[in-house]
Every structure is written in structure tokens, then in C-alpha cells.
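Subject: Structure for your review

Hello,

Please find the structure below, together with its sequence. My notes on what was found follow it.

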Amino acid sequence: MKRRTRRSLPATLTAAVLLAAAVLAAVAAIQRLTGHQPWLDYRAVAAVVHDARWTDLVPALVSGAVALLGLGLLWAALLPGKRRILPLTGDPDSGADSTGYRAALRAAAADVDGVERAQLSTGSRKVKVRVKTARTRTDGLADAVRAAVESRLDRISPARRPAVSVRVRATREAS
């Protein structure tokens with residue numbers, strides 16, 4: 001189970017552009033049927049497009065922009081999204097939410113004696129913990145935080161066990 005995020009932003013932008021084009025076409029058709037002057041005059045647009053040449057700058061820029069937009073949408077559709085569910089060992093359908101996973105590891109690091117604040121970033125291969133402490137001597141604190149995070153990883157048991165790296169920063173210096 002490796003559920004990933006949905007591509008909602010590209011889908012929303014594409015839907016909004018298509019909706020705007022459909023509304024504009026519908027409004028122009030309704031205005032033409034009711035005998036009013038349409039906002040978008042088909043004859044004027046057709047005349048501008050008919051008079052354009054492929055060697056002109058405007059058609060080249062417009063076609064380049066449309067091609068880049070299409071490639072961008074294709075890229076967004078093909079690349080996998082960020083993983084939202086972390087697979088766990090055991091049952092094939094077992095998984096942990098990535099937000100809860102990070103929160104559990106951060107809480108394990110923050111519970112170590114002497115830690116003021118813990119920041120954590122997770123990847124598929126590595127967990128990076130940055131710890132801030134008010135102690136002047138930080139001897140052994142990194143090892144204690146690493147042991148606490150590894151103990152929590154043992155209880156969570158992810159399918160791929162990441163390596164843990166810890167950086168300790170003291171707010172005060174030894175005098």
C-alpha cells in the first residue's frame with residue numbers, strides 16, 4: 001500500500017480553463033440565438049486567425065506556450081505524487097499516515113531529557129533530526145535522541161527502515 005497524493009492543482013487548473021472556454025462559447029451561442037451582439041464575435045476571430053501566418057511571431061509564441069502547457073500537464077500527470085501512506089511490515093495492506101509517522105518520531109525525539117525543540121524531516125531512506133537544547137554540554141544527547149527515535153521506529157516497523165541522523169545545536173555556549 002503506497003497511496004500517493006492526487007494531482008489536484010493541475011486537474012483544477014485544466015478544469016477551470018475548459019470551463020471558462022465552454023462558458024464563453026455557450027454565452028456567445030446564446031447571444032447569437034437571441035439576436036444580441038455576442039461578446040466573442042466568431043467572424044472577427046476567424047478573420048484574425050485566417051490572416052495569421054506561421055512565420056509570424058504571435059502564432060509561434062502562442063503555439064509554443066500551448067506546447068509548454070501541454071508538456072507541463074503531461075509531466076504532472078506522469079510523475080508520481082508524494083507518498084501519503086508509509087507501508088509497514090506485516091499485513092500487505094498495513095500502512096501509516098506520513099503526518100502521524102513524522103509526529104510520532106518528533107515526539108520521541110522531543111521527549112528526551114534536555115531537548116527544547118526537535119525538528120524532523122523524513123525520507124524513504126533517511127530520517128534527519130535537528131535538536132535544539134539549552135545545555136552547554138551536549139555530550140551524549142545525539143546518541144540519546146537517536147536511540148529514542150530508533151526505538152519508536154522499532155515499534156512502528158516501517159517496511160523500509162530509514163537511517164537516523166541527529167544534529168544537536170546548543171543555544172548557549174560553554175564558558
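**Salt bridges**

Asp 113 counts as exposed, because its relative accessible area is 63%. Please keep in mind that this is a predicted model. Asp 113 forms a salt bridge with Arg 135, and their closest N and O atoms are 3.7 Å apart. Asp 113 sits in the loop between H4 and S3 and Arg 135 in the loop between S4 and H5, so the pair ties together parts that are 22 residues apart in sequence. Arg 135 has a relative accessible area of 30% and is therefore partly exposed.

The structure holds five salt bridges. Another one of them joins Arg 161 to Asp 154, with 2.4 Å between the closest N and O atoms. Here Asp 154 is exposed at 51% relative accessible area, while Arg 161 is partly exposed at 39%. Arg 32 and Asp 41 also form a salt bridge, the closest N and O atoms being 3.7 Å apart. Both ends are partly exposed: Arg 32 has a relative accessible area of 42%, and Asp 41 has 25%.

**The sheet and its helices**

Three strands make an open sheet in the order S3-S4-S5, with mixed pairing. Strand S3 (115-122) and strand S5 (163-170) are the edge strands, each pairing on one side only. On average, neighbouring strands are turned by 20 degrees against each other, direction ignored. S4 and S5 are parallel and pair over eight bridges; Thr 133 has Ala 170 in S5 as its bridge partner. Helix H4 (residues 98-110) packs on the sheet and touches S3 and S4, its direction making about 150 degrees with that of S3. Helix H5 (residues 141-156) lies across S3, S4 and S5 and runs at about 145 degrees to S5.

**Lys 126**

Lys 126 belongs to strand S4 (residues 126-133). With 40% relative accessibility, Lys 126 counts as partly exposed. Leaving aside neighbours within four places in sequence, Lys 126 is in contact with Ser 121, Pro 162, Ala 163 and Ser 165. Lys 126 and Arg 161 are 35 residues apart in sequence, and their C-alpha atoms are 8.4 Å apart in space.

**Helix H1**

Helix H1 (residues 8-33) has 26 residues, which at 1.5 Å a residue should span 38 Å; the end C-alpha atoms are 36 Å apart, which agrees. Its buried residues are Pro 10, Ala 28 and Gln 31, and what covers them includes helix H3 (57-78). After H1 comes Gly 35, with a positive phi near 90 degrees.

Regards

Note on methods:
Residues are numbered from 1 along each chain as its sequence is written. This is a predicted model: local features need pLDDT of at least 70, side-chain atom pairs count only at pLDDT 80 or more; totals for chains, interfaces and linings use all residues. Side-chain values use heavy atoms; hydrogens and water are left out. Helices (H or I, at least four residues) and strands (E, at least two) are DSSP runs, numbered from the N terminus. Buried means under 20% relative accessible area, exposed over 50%, partly exposed in between (1.4 Å probe, protein chains only). Contact means heavy atoms within 4.5 Å. The expected span of a helix is 1.5 Å times one less than its number of residues. Two strands pair if DSSP finds at least two bridges between them. Axes are lines fitted to C-alpha atoms, for helices over the stretch in contact, and angles run from 0 to 180 degrees between N-to-C directions. A salt bridge is a side-chain nitrogen of Lys or Arg within 4 Å of a carboxyl oxygen of Asp or Glu.
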